Amino acid sequence: MTSLAKKSKKYAKLPTFVEIVDVLVAGFGVDKNSENALGKLAMFEHRSRLYNGSDVGGLRNFSKNSRNKSDEVAIYDKKIKNKSPDSDVSQVFGKTGLRDDLLSLLAGPNEEIKNSLSCCLDLIENEVSNGLSAPLVTEYSREDGLYILINGWAMRWIIPLMRESDAYPTSILHFVKKILMQENCDSLNYLKIWKIFIKSLLPKGAKATEFRSIIDRIDNSSQRKLASIEKDMANLREELICSDLEESEVKLVIEKIRAAYIAGMTTLRFHSMMLKACPALDLINCLVEFLRVAEEIFQKRQANYKERQSLPRPTVKSDYVSSSSVVREDSSRNPLQDILIKMGDRAIPDEIQFLLDPGMHQWSEKRFEKQLVKVCSKKSNEIFMPYIKYAQGVWHLGHEKHELAEKYLTDFISFADDRQLGIDAAKAASLLIALRLLRAPSPKYLELSSLVQIRIDSMGQENVMEFAVIPTPFCWRSHLPEISMYDTHILESVWHFNTVPKPPSHKLLCNPIGDFLVKVNDYVLASKKEGARLPDREKNTSAVIGTSIKPYDAVCYTDFYILKLFNSNFPDFTGLDVYKALSEADQRRVLRYIDEGRYLQDCAYYEISA
């Protein structure tokens with residue numbers, strides 16, 4: 001069977017939400033360095049903060065923990081405890097991220113449409129994340145997939161929002177729609193129509209010579225970005241004031257022209273971006289067609305409504321149904337599932353499912369090899385080769401043939417850029433992460449970022465319930481430890497490795513905390529010496545291989561980390577038993593030995609005498 005890897009063809013797949021945000025930022029001309037695009041950032045916390053803003057990112061990651069807090073969260077803690085912060089909260093909080101930049105840009109000062117757009121972003125993120133967790137086995141090209149996605153899914157979001165914008169005449173969305181709905185508007189005439197439209201917003205008698213000149217010089221290859229538009233608006237304001245217009249009138253004119261300016265440049269920029277990615281997709285013509293159809297449907301409904309209103313009202317009251325309670329016929333179905341079907345999605349055959357399901361082959365080498373030969377002999381199964389390799393990787397892992405397992409799982413992951421592999425890609429990345437932790441030398445911090453990224457991109461959104469507090473030597477209801485997003489995925493990968501089905505005779509565990517816990521008994525003994533402290537170099541090393549988790553956290557929150565790494569099969573924790581048998585006061589003594597600075601912080605936070 002020919003290997004698909006040799007073809008190196010890009011097949012249809014859904015974009016990640018990060019990719020969608022990067023496209024929106026570029027399309028709206030938000031002046032950000034392209035090198036700082038979310039998709040290019042390996043530091044996942046930085047990515048989250050850049051999108052959410054410093055206030056949201058700070059509260060999400062640090063507000064429930066007293067250790068290693070940023071300045072922003074230290075201020076926040078004082079605020080919620082009714083203490084006077086050292087500096088003005090507003091100086092630190094309220095730093096907007098890309099999300100708020102986009103929402104404010106589209107909605108302007110209107111909070112109602114901003115909230116509506118915010119809900120849309122959340123729903124889009126949910127749909128895309130869950131859509132990516134499903135495998136997409138197709139022969140459709142990446143361009144074909146994009147064409148189907150824009151027409152079949154994106155328009156489902158864009159057109160209703162534009163229709164809704166009629167109620168908000170100062171929003172950019174309203175002007176995007178208004179320009180597109182001008183007579184004879186299409187992609188060939190759009191620039192000309194936009195120039196006529198924006199000049200028509202200038203007050204009669206206002207010269208605005210410089211502004212008119214700038215508009216005249218714009219062509220299809222020179223869309224001005226947001227920063228340049230703001231400069232043009234500042235200059236136009238001066239020109240209008242010189243035309244003896246009232247300040248209040250100037251403000252209204254600038255508000256409308258700015259929105260129309262951004263709307264025109266944004267439409268042209270998105271149109272150009274789409275043509276490069278998918279030459280068959282004429283975005284402006286597509287939008288015009290969808291808007292006109294939507295307008296016709298709306299007019300018909302209005303006419304039918306007026307006709308019904310003129311009829312006698314029924315005497316029997318009908319049940320009232322609010323618009324918010326109306327849901328799709330099958331609300332559990334992700335709308336993107338229909339798009340995957342349109343992209344030519346094919347179900348994985350039962351004969352390949354046999355290889356993927358240990359419950360069917362029961363780890364029998366004879367059964368597995370026989371089925372593998374049968375599957376590989378069929379040319380029709382060539383498109384499913386990635387999943388055959390994944391099955392082989394899991395098979396060899398179950399038999400503790402780690403080198404072969406790593407080879408086949410790596411082969412499977414190599415398809416991730418060309419195909420949408422679904423949740424199996426996340427599982428394979430998890431297994432590869434755990435296998436790397438088992439090998440010496442230990443991986444450097446962030447070395448496994450590419451696998452973590454595959455894991456993130458291939459997982460659906462989940463509602464995970466866990467305890468909000470945990471017992472520690474300081475308090476039986478202590479806050480959970482602060483964990484970076486990267487470290488969280490490393491821990492979850494180990495947990496997956498340790499819970500993946502294996503033959504009864506093979507019970508190898510990945511235990512990245514084991515070597516460290518052996519040292520805990522030494523820490524107990526050393527802490528008994530007055531004034532003894534763990535050397536700085538050792539207290540700042542990683543206690544859990546592959547992560548940034550330090551010895552202090554690993555000891556203070558041992559119960560938490562053990563549950564994060566293991567399900568029901570626990571390794572031998574002999575070194576830890578001595579520590580766990582100590583009183584809380586003696587356990588705190590050990591923690592003081594490990595890191596006195598952190599220990600004093602915790603004592604102060606939990607109001608315990610040091």
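Reader: Which loop does Asn184 lie in?

Author: Asn184 sits in the loop between helix H9 (172-180) and helix H10 (190-200). This is a predicted model, so take what follows as computed from it.

Reader: What is phi of Asn184 near?

Author: Phi of Asn184 is near 65°, a positive value in a residue other than glycine. Most residues other than glycine have a negative phi.

Reader: Is Asn184 buried or exposed?

Author: Asn184 counts as exposed, because its relative accessibility is 56% and the cut-off for exposed is over 50%.

Reader: And Gln362, what is its phi near?

Author: For Gln362, phi is near 50°, a positive value in a residue other than glycine. Gln362 is in the loop between helix H17 (358-361) and helix H18 (365-376). With 53% relative accessibility, Gln362 counts as exposed.

Reader: Let's do the peptide bonds. Which one is cis?

Author: The peptide bond from Ala440 to Pro441 is cis, with omega near -5°. Most peptide bonds are trans. Pro441 is in the loop between H21 and helix H22 (449-457).

Reader: Stay with H21. At what angle do the axes of H21 and H23 cross?

Author: H21 (residues 423-438) and H23 (residues 485-499) have axes that cross at roughly 95° and come within 8 Å. That makes H21 roughly perpendicular to H23.

Reader: Which residues meet there?

Author: From H21, the residues are Lys427, Ser430, Leu431, Ile433, Ala434, Leu435, Leu437 and Leu438. From H23, they are Ile490, Ser493, Val494, His496 and Phe497. By class, this contact of H21 with H23 has nine nonpolar, three polar and one charged residues.

Reader: How about H19 and H21, at what angle do they pack?

Author: Helix H19 (residues 385-398) and H21 pack at an angle of about 35°, and their axes are 11 Å apart. The crossing of H19 and H21 is left-handed.

Reader: Which residues make that contact?

Author: H19 brings Tyr387, Tyr390, Val394 and Leu397, while H21 brings Asp424, Lys427, Ala428, Leu431 and Leu435. The contact of H19 with H21 has seven nonpolar, no polar and two charged residues.

Reader: New topic, single residues. Where is Arg269, and is it buried or exposed?

Author: Arg269 is in helix H13 (residues 247-277). Arg269 counts as buried, because its relative accessibility is 7% and buried means under 20%.

Reader: What is Arg269 in contact with, leaving aside its neighbours within four places in sequence?

Author: Leaving those neighbours aside, Arg269 is in contact with Ala26, Gly27, Phe28, Gly29, Gln223, Arg224 and Lys225. The C-alpha atoms of Arg269 and Ser221 are separated by 8.6 Å, and these two residues are 48 apart along the chain.

Reader: Cys603 next. Which helix does it lie in, and what does it touch?

Author: Cys603 lies in helix H30 (residues 596-605). Not counting residues up to four places away in sequence, Cys603 touches Phe474, Ile608 and Ala610. At 2% relative accessibility, Cys603 counts as buried.

Reader: Where is Gly145?

Author: Gly145 is in helix H8 (residues 142-164), and it is buried, with a relative accessible area of 1%. Gly145 touches Ala12 and Met343, not counting residues up to four places away in sequence. Gly145 and Gly344 are 199 residues apart along the chain, with their C-alpha atoms separated by 9.2 Å.

Reader: One from the start of the chain. Where is Thr16 found?

Author: Thr16 is found in the segment before helix H1 (17-27). Thr16 counts as buried at 12% relative accessibility. Leaving aside its neighbours within four places in sequence, Thr16 is in contact with Val128, Leu132 and Asp457.

Reader: Last, the whole chain. How many helices and strands?

Author: The protein chain has 30 helices and two strands. Of its 610 residues, 47% count as buried. Among contacts between residues at least 6 apart in sequence, 71% join residues at least 24 apart.

Note on methods. Residues are numbered from 1 along each chain as its sequence is written. This is a predicted model: local features need pLDDT of at least 70, side-chain atom pairs count only at pLDDT 80 or more; totals for chains, interfaces and linings use all residues. Side-chain values use heavy atoms; hydrogens and water are left out. Axes are lines fitted to C-alpha atoms, for helices over the stretch in contact, and angles run from 0 to 180 degrees between N-to-C directions. Helices (H or I, at least four residues) and strands (E, at least two) are DSSP runs, numbered from the N terminus. Angles under 35 degrees count as roughly parallel, over 145 as roughly antiparallel, 65 to 115 as roughly perpendicular and the rest as oblique. Contact means heavy atoms within 4.5 Å. Ala, Val, Leu, Ile, Met, Phe, Trp, Tyr, Cys and Pro count as nonpolar, Asp, Glu, Lys and Arg as charged, and the others, Gly among them, as polar. Buried means under 20% relative accessible area, exposed over 50%, partly exposed in between (1.4 Å probe, protein chains only). A crossing is left-handed if the near helix is turned anticlockwise from the far one by less than a right angle, and right-handed if clockwise.
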